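This report walks through one protein model.

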Amino acid sequence: MQPLSPAEIEAVVLTFKVGGLALLVSLPLAILAAYALARWRFPGHALFDALIHMPLVLPPVVTGYILLILFGRHGPIGGFLHDALGITLAFRWTGAALAAGVMAFPLMVRPIRLAIEAVDPKLEQAAETLGARRIVTFFIVTLPLALPGIIAAALMGFAKAMGEFGATITFVSNIPGETRTLSLALYTFTQSPDGDLAALRLAITAAVIAFGAVFASEFVSRRLARRLGGG
């Protein structure tokens with residue numbers, strides 16, 4: 001089989017770029033949301049949980065359309081970003097990262113929440129009894145003990161972000177060199193009469209990346225769990 005063409009390499013590189021930015025922005029928010037769900041009790045807790053997981057049950061095209069309404073040039077958020085800061089997300093690779101991050105977000109929140117809930121609250125209470133503030137307790141007790149779950153969630157979220165299609169094509173379209181990620185390039189080649197080989201190469205590349213992310217997620221989380229457990 002021939003190596004990847006320049007256009008295919010461009011799509012793969014852009015996919016890593018989009019996935020990396022999506023993870024960078026969404027992971028801290030996912031940790032905060034997971035901590036809030038795991039440790040805080042507040043009015044609307046169930047509603048907040050449901051809203052976070054909406055991208056999992058909504059058709060991705062619907063999510064992309066909502067993003068287009070909110071973050072488009074004439075949307076309430078997108079219009080403000082463009083007029084005040086000169087930032088445009090619609091039909092840009094940064095918009096693709098936003099769509100990927102939104103779709104990956106609930107997949108990260110769930111395992112991170114379970115990891116935080118597995119941390120014994122008595123350890124956090126002991127640190128606070130010794131004078132540590134809650135935020136300090138989070139960084140020195142909760143975060144290290146939940147780290148295996150967080151890393152596993154991050155790798156899975158990264159893989160999901162790299163494979164995002166529906167929300168991305170709806171929000172930022174399929175622009176070569178700008179928003180055409182691996183999934184969109186694969187779709188484009190399947191629509192071309194002579195694109196079978198290119199589609200096959202990209203499909204194999206996507207499968208290898210996905211397998212690597214799942215394997216790395218399991219390997220890293222187990223190694224960290226053994227170290228934290230003293231095994």
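Of the protein's 231 residues, 40% count as buried. Buried means under 20% relative accessible area, exposed means over 50%, and partly exposed lies in between (1.4 Å probe, protein chains only). The model is predicted: local features need pLDDT of at least 70, side-chain atom pairs count only at pLDDT 80 or more, and totals for chains, interfaces and linings use all residues. Residues are numbered from 1 along each chain as its sequence is written, and side-chain values use heavy atoms, with hydrogens and water left out.

**Overall build**

The protein has 11 helices and zero strands. Helices (H or I, at least four residues) and strands (E, at least two) are DSSP runs, numbered from the N terminus. The C-alpha atoms fill a box of roughly 65 × 45 × 30 Å, taken along the principal axes. Contact means heavy atoms within 4.5 Å. Among contacts between residues at least 6 apart in sequence, 70% join residues at least 24 apart.

Two packed helices are described by the angle between their axes and the distance between the axes. Here the axes are lines fitted to C-alpha atoms, for helices over the stretch in contact, and angles run from 0 to 180 degrees between N-to-C directions. A crossing is left-handed if the near helix is turned anticlockwise from the far one by less than a right angle, and right-handed if clockwise. Helix α1 spans residues 6-39, and α2 spans residues 45-52.

| Pair | Axes come within | Crossing angle | Hand |
|---|---|---|---|
| α1 and α6 | 6 Å | roughly 35° | right-handed |
| α1 and α2 | 10 Å | roughly 145° | left-handed |

The contact of α1 with α6 comprises 23 nonpolar, three polar and four charged residues. Ala, Val, Leu, Ile, Met, Phe, Trp, Tyr, Cys and Pro count as nonpolar, Asp, Glu, Lys and Arg as charged, and the others, Gly among them, as polar.

Which residues of α1 meet α2? They are A33, A36 and L37, which meet H45, F48, D49 and I52 in α2. By class, this contact has five nonpolar, one polar and one charged residues.

**Helix α4**

T63, G64, L67 and F71 of α4 are buried. Seen down the axis of α4, its buried residues fall within an arc of 100°, so they line one face of the helix. The arc is that of the directions from the helix axis to the C-beta atoms. These buried residues pack against α3 (54-57), α5 (76-85), α6 (93-117) and α9 (166-172).

**Single residues**

T168 lies in helix α9. T168 counts as buried because its relative accessibility is 2%. Leaving out residues up to four places away in sequence, T168 touches A96, A99, S173, T179 and L184.

S173 sits in the loop between α9 and α10 (182-190). Its phi is positive, about 65°, although S173 is not a glycine. S173 counts as partly exposed at 28% relative accessibility.

F91 is found in the loop between α5 and α6. F91 also has a positive phi of about 65° without being a glycine. At 38% relative accessibility, F91 counts as partly exposed.
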